[in-house]
Amino acid sequence: MSTNIVLQILGAGLLTTCLWHISRRRRTTTFDNLPGPPAESWLSGSLDQIANKNSWEYNREISEKYGSIIRIKGLFGDQNIYEETVGFIQINKSLFGEGLLSTLGERHRHQRKMLNPVFSIAHLREMVPIFYDVVHKLQDTLVDMVEWNTRVALELIGQSGLGFTFDSLEENSIPHPYAVAAKQMVSGASEIPAVVKRWLVPTIIQLVPRRLGRLLVDWVPSQTFHLLRDGVDLFYKTSVEIIEAKRKAIQEGDEALAAQVGKGKDVISILMKANMATSAEDKLSDEEVIGQVTTLTFAATDTTSGALSRIIHLLATHKDYQAKAREEIRAAKKANGDQVLDYDALSALPFLDAICRETLRLYPPVSTLMRVARADSVLPLGSPVKGINGEQIHEILVPKDTPIIISIISSNQDPKLWGPDAYEWKPERWLKPLPEAVVDARIAGIYSHLGFKFSQLEMKVVLALLLERLEFSLSDKDIVWHMIGIATPHLDFESKTPRLPVVISRAD
């Protein structure tokens, strides 16, 4: 590809974007009166400050200073966080295919409808034995917690979600290339500047045909982009292999399906069987089914791994809480005739549940969510915001296509809702009624999503088995957490490889 063609493409995208922003800035909206921090850069506004490896304090500071509704200047001085919706969806399509993260509207709702039955409570009960089969392999093979949490999270979603095994989890075995690629993609994406992620890449995807875009990625001398490219290729290849093997087993009958990992009860087996039986107009395309495999695997692996790593780090820091959780687990197992704890027994461990909830409240793996208004709407505020002109703002007119960033950490750590100890990790807060302010605010619950219930059940199985036999203590290494797409532990803020060294010993 010639340099002239590349420059013409980028120039056209830049001109279009500038004209679009000029037209937006000429319109006066309620956003103009909202308080917020000054732009740090004329090009990227405050985006690089609000979302980088060490953005924890910046997010807390602007939340405390400006309140729950904040104007953040984005690309080219835009008065809100600019995210081209079509471009955002196209990026996900490029990474994960036609899955849940890449669809909108009716198609997204249809995909969710097809997947909902496999996340029901009845089906989760059947998943617990599969979880135990995987985690039992982990008990004697722990070294670096990030690596092993990633490997066990991938194997958990592999067996229960895909009916596929990625990893033997033996001590001297090496991780599956999928696990390596997933970590590289998360770390690599964090190295890309906001202006590239939020403007340049979406613009290229919209303007350049897919094949030409692939040539452009090959041409760009960037190791990060090449890692992302190779990861996407590996994800797609692996997903196709899983789908083809699954389709063959389904066609051969229930006996062949039951002989596979997951015994035909995994998410994709159920989805594919339901898809084959549905009407032509409701059927998911092959690309959509492949997209579900890639999306489910990637999303479930790093979020579960990140949450488990955070919990283990906290329990190594707070040994008294670790001991109390171990006591609860051992007592429940003894009451269960020394058998492994099933779904109901795991659900009846209040202190372990409180540890999981409090960790996800204070340290959610994903700090922010992106939403876009699909129609003009009025957003009522739970409490008024003082505008720049001194007036009280009780509601905000949100024009169609306005992008909004929802700060999970700001909501979960708001002292007005959770009290003066909101920034402290206190699992015991979940063992008594929550503050009335939290109940009245009607914010989304910690375990509100069925897919998330699946993930927290995985975590409870892992913790129940590990804490029963093992004790975790801090090593002599300092740990910092990078605030990237999915929070990950590192030895410092310059590190690109996630690590969480802990001291593991037999528990008394």
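**Entry 1: the second largest pocket**

I began with helix α8, which supplies the largest share of the lining of the second largest pocket, six residues. Helices here (H or I, at least four residues) and strands (E, at least two) are DSSP runs, numbered from the N terminus. This is a predicted model, in which local features need pLDDT of at least 70 and side-chain atom pairs count only at pLDDT 80 or more, while totals for chains, interfaces and linings use all residues. Residues are numbered from 1 along each chain as its sequence is written, and side-chain values use heavy atoms, with hydrogens and water left out.

I noted a volume of about 450 Å³ for this pocket. Its lining has 20 residues, and K183, Q184, K496, T497 and P498 lie nearest the centre. At least two lining residues come from each of α7 (145–162), α8 (177–190) and α11 (223–252).

For my own reference, a pocket is an open set of points on a 1 Å grid over the protein atoms alone, with protein on both sides within 12 Å along at least five of seven lines; a cavity is a set where a 1.4 Å probe fits but cannot get out, and lining residues have an atom within 4 Å of a point. Grid points are joined across faces, edges and corners, and a volume is the space filled by probe spheres set on the points.

How many cavities of 30 Å³ or more does the structure hold? I found three. The largest cavity has a volume of about 50 Å³, and its lining consists of Y132, I329, K333, V340, L341, A464, L465 and E468. Helix α21 gives the most, with three residues.

**Entry 2: the whole chain**

I counted up the secondary structure next: 21 helices and eight strands. Of the 508 residues, 49% are buried (under 20% relative accessible area, with exposed over 50% and partly exposed in between; 1.4 Å probe, protein chains only). Among contacts (heavy atoms within 4.5 Å) with a separation of 6 or more, 73% join residues 24 or more positions apart.

**Entry 3: the cores**

Which residues touch the most other members of the largest nonpolar core? They are L346, L463 and F472, in a core of 93 residues. Helix α14 (residues 286–317) contributes its largest share, 13 residues. A nonpolar core is a set of buried Ala, Val, Leu, Ile, Met, Phe, Trp, Tyr and Cys residues joined through side-chain atoms within 4.5 Å.

I followed L463 and, leaving aside neighbours within four places in sequence, found it in contact with L308, I311, I312, I329, L352, C356 and E468. There is also a second, separate core of nine residues, F31, A373, V385 and I396 among them.

**Entry 4: a hairpin**

Strands β2 (residues 377–386) and β3 (residues 392–398) pair in the antiparallel sense over six bridges; pairing takes at least two bridges found by DSSP. P380 has E395 in β3 as its bridge partner. The two strands, β2 and β3, form a hairpin with five residues between them, and G390 in the turn has a positive phi of about 95°.

**Entry 5: M272 and its helix**

M272 sits in helix α13 (residues 267–277). Is M272 buried or exposed? M272 counts as buried because its relative accessibility is 5%. Not counting residues up to four places away in sequence, M272 touches I243, K246, R247, I250 and V289.

The buried residues of α13 are V267, I268, S269, L271, M272 and N275. They pack against α5 (105–115), α7, α11, α12 (254–258) and α14.

**Entry 6: two positive phi values**

L169 is not a glycine, yet has a positive phi of about 60°. L169 lies in the loop between α7 and α8, and counts as buried because its relative accessible area is 1%.

D338, also a residue other than glycine, has a positive phi near 60°. D338 lies in the loop between α15 and α16 (343–347). I put D338 down as exposed because its relative accessibility is 54%.
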